[in-house]
Amino acid sequence: MYGELDGTGFEALDASFNDCFIGHARVERLWTGARWSEGTAWFPAGRYLVWSDIPNDRLMRWDETDGSVSVFRAPSNNTNGNTVDAQGRLISCEHLTRRVTRTEHDGRITVLADAHDGKRLNSPNDVIVKSDGSIWFTDPSYGILMDYEGDRADLEQDGCHVYRIDPSDGTVTAVAKDFVKPNGLAFSGDETTLFVSDTGVTHDPDGPAHIRALSVNNDGTSLGKSRVFADCTEGVFDGFRLDRQGRIWSSAADGIHCLSPQGQLIGKIHIPEMVGNLCFGGPKLNRLFIAGTSSLYSVFLNVNGAK
Ligand code: MG
């Protein structure tokens, strides 16, 4: 398991990346057999990772205690992005049913959002929870463009937006409406900035392939100024996460790209297939779990994921 894996390795593009990795740490392939992997989410209490295999319509679980992999949920309604809220509950984006759900402690599933303005959502893609309990998610059209990762259908919304679910009354509000295909998202450590990737280039060669930084207004519920934070140099930035120093670790076509807090590409972790998402896990959050196209990978780093 710990042998050198072909096509993997660290590449420093700036000296500051040298402190981020451990020279003898290796990328491990923990499991293979997926069609398109996404939605990594770490459950600290259970010591397991849940992730999505979207075309195979299942959620998978990797168990840290013995390294075993099993099916967590099938069918999964073509679940894509996942996260864990402050109470330890799974929050999921379902393509097929075009909704965001929460799995309660007793296993029941609560629908948190399936419509906006009386019209169905497109196909929720990725989701995060803010410290105030609000849930923020992206809604591009990937799940309804074809039958591979959901059911082909027409757009009912007037575009692909970023939404916020209010924690007190469940209201779903569009907080950003100027994206082409909003995808991964994450808050800065102080929650004053929301980072959102736009993968619009997948269906328009002139479309965006970048992460934008949007300032969160003082009300904590709406967004203000927006700027391009970093352009992707290989494919697109799909899902991404921040570490405690404010660096962004993002998926890309050739593996993981590490961006400085200023948005500079400082290094890469090469993975032999396209990466859809990633998250930090383990008791110290110093292990990166990587959803590659067909496989789950991990690597220990000399950084810790943001809480
Ligand atoms: Mg995504």
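Begin by selecting the magnesium ion, whose donor residues follow the sequence spacing E-x86-N-x57-N-x54-D. The model is predicted, so local features need pLDDT of at least 70 and side-chain atom pairs count only at pLDDT 80 or more, while totals for chains, interfaces and linings use all residues. Residues are numbered from 1 along each chain as its sequence is written, and side-chain values use heavy atoms, with hydrogens and water left out.

Around the ion, show Glu 38 (OE), Asn 125 (OD1), Asn 183 (OD1) and Asp 238 (OD), which coordinate the magnesium at 2.2 to 2.5 Å; donors are N, O and S atoms within 2.8 Å of the metal (3.2 Å for Na, K and Ca), and because water is not among the atoms, sites may look incomplete. Asn 125 sits in the loop between strands S12 (119-120) and S13 (127-129) and Asp 238 in the loop between S20 (223-231) and S21 (240-242), so this pair ties together parts 113 residues apart in sequence; strands are DSSP runs of E with at least two residues, numbered from the N terminus. Both Asn 125 and Asp 238 are buried, meaning under 20% relative accessible area with a 1.4 Å probe and protein chains only.

Next, select strand S4 (residues 48-53) and strand S5 (residues 58-63), which pair in the antiparallel sense over 6 bridges, where pairing requires that DSSP finds at least two bridges between the strands. Leu 49 has Trp 62 in S5 as its bridge partner, and Trp 62 in turn has Val 69 in S6 as its bridge partner.

Terms used:
Helices (H or I, at least four residues) and strands (E, at least two) are DSSP runs, numbered from the N terminus. Buried means under 20% relative accessible area, exposed over 50%, partly exposed in between (1.4 Å probe, protein chains only).
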